[in-house]
Amino acid sequence: MIKLIALDLDGTLTNSKKQMTPRTKAALQQAMSQGVRVVLASGRPTVGVWPLARELELDKLGGYILSYNGGCILDCATGKVLAQEVFPRELVAPVCEEARKAGAVALSYSSEGVITETPQDEYVQIECRTCGVPAIGVEDLSGAIQFDVNKILLTKDPDQMPHVEERMQQKFAGKLSIYKSTPFFLEIMPLGVEKAQSLAALLTILGLTAENLMACGDGWNDISMIKLAGLGVAMGNAVPQVKCVADWTTEDNDHDGVGLAVEKWVLGAQD
């Protein structure tokens, strides 16, 4: 029986306008009224997930934010951080330097917004719009990070990102977890941090198993949680690698994909 629904946000829970469709919202709220819990599992920083969490009333109905691709798990009802992983301080400068050599733009997050040496970069601006926070320009990113961060994000044109990814994988193999979330975003995380690892920890906290989990996603960084889940759902707009590991493929994010999956597999609606 599904008791926990894990949802990626961009390209999954939200449509191309970065909004939940009414059908999807209604299906999720009906599921929560029946005792099913929802966890918003995103590469976004926590501040960028909260607006959707509040829209779903996770702070009232009970739910969780899994931000930074699993770097932080927050209980929405209590505001308590249940678990988090911090980026190794000694690797901040090497990652920023290697990104610079690769011609990629690096950014991270402060309590005020996105911090980067290149605030006007088009992909930095996409991240800011997605998270609803401003871009804050700094002269030296590694020098500006004098506090705990959960991840560093690299941006680059999609046709050049494979080179950046290969270079970072070779340089930091066995030291950091590195994977794409979109064709132009490369997530740099503490070693072992991914959505599946954090969801497994949350399942343990809740006294549940992977068989109780339905996970929906569309991107490369969703593969691990879709493989973990008892029911892994790929969006119709998912990359082929996600569809290959999923148990079922729903409609795309502009056609109530999440809502249809919840209706079919959680609420018991008929085809």
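Mentor: We'll go through sheets, helices and a few loop residues in turn. Keep in mind that this is a predicted model.

Trainee: Let's begin with sheets. In what order do the strands of the open six-stranded sheet come?

Mentor: Here's the general idea: strands of a sheet pair through backbone hydrogen bonds, either parallel or antiparallel. In this model the open sheet of six strands has the order 8-7-6-9-11-10, and its pairing is mixed. From one strand to the next, the twist averages 30°.

Trainee: Which are the edge strands?

Mentor: Look for strands that pair on one side only: here they're strand 8 (135-137) and strand 10 (176-182). Take strand 10 as a case: six bridges join strand 10 to strand 11 (residues 185-190) in the antiparallel sense. To find your place in that pairing, look for Lys180, which stands opposite Leu186 in strand 11.

Trainee: What lies across these strands?

Mentor: Two helices to look at. Helix 4 lies across strand 6 (105-109), strand 9 (152-155), strand 10 and strand 11, and it runs at about 5° to strand 9. Helix 5 (residues 122-131) lies across strands 6, 7, 8, 9 and 11, running at about 165° to strand 7 (114-116).

Trainee: How do I read the packing of helix 4 against helix 7?

Mentor: Start with the angle and the distance between axes. Helix 4 (residues 89-101) and helix 7 (residues 161-172) pack at about 145°, with axes 10 Å apart. The crossing of these two helices is right-handed. Helix 4 makes the contact with Pro94, Val95, Glu98, Ala99 and Lys101, while helix 7 brings Arg167, Met168, Lys171 and Phe172. Sorted by class, the contact has five nonpolar residues, four charged ones and no polar ones.

Trainee: What are the partners of strand 13?

Mentor: Strand 12 (residues 213-217) runs parallel to strand 13 and is joined to it by four bridges; Ala215 stands opposite Gly232. The chain gets from strand 12 to strand 13 through helix 9 (residues 223-228), a right-handed β-α-β crossover. Strand 14 (residues 248-249) also pairs with strand 13 in the parallel sense, over two bridges, and Val233 stands opposite Trp248. From strand 13 the chain crosses through helix 10 (residues 240-245) to strand 14, and that β-α-β crossover is right-handed too.

Trainee: And the loops? Is Ala173 buried or exposed?

Mentor: Compare its relative accessibility with the cut-off: over 50% means exposed. Ala173 is at 54%, so it counts as exposed. You'll find Ala173 in the loop between helix 7 and strand 10.

Trainee: Which residues other than glycine have a positive phi?

Mentor: Glu57 is one of them, with phi near 60°, and Tyr68 is another, with phi near 50°. Glu57 lies in the loop between helix 2 (46-55) and helix 3 (58-61), and Glu57 is partly exposed at 31% relative accessible area. Tyr68 sits in the loop between strand 3 (63-67) and strand 4 (72-75). With a relative accessible area of 11%, Tyr68 is buried.

Note on methods: Residues are numbered from 1 along each chain as its sequence is written. This is a predicted model: local features need pLDDT of at least 70, side-chain atom pairs count only at pLDDT 80 or more; totals for chains, interfaces and linings use all residues. Side-chain values use heavy atoms; hydrogens and water are left out. Axes are lines fitted to C-alpha atoms, for helices over the stretch in contact, and angles run from 0 to 180 degrees between N-to-C directions. A crossing is left-handed if the near helix is turned anticlockwise from the far one by less than a right angle, and right-handed if clockwise. Contact means heavy atoms within 4.5 Å. Ala, Val, Leu, Ile, Met, Phe, Trp, Tyr, Cys and Pro count as nonpolar, Asp, Glu, Lys and Arg as charged, and the others, Gly among them, as polar. Two strands pair if DSSP finds at least two bridges between them. A crossover is right-handed if, with the strands pointing away from the viewer, the path from the first strand over the helix to the second runs clockwise. Buried means under 20% relative accessible area, exposed over 50%, partly exposed in between (1.4 Å probe, protein chains only).
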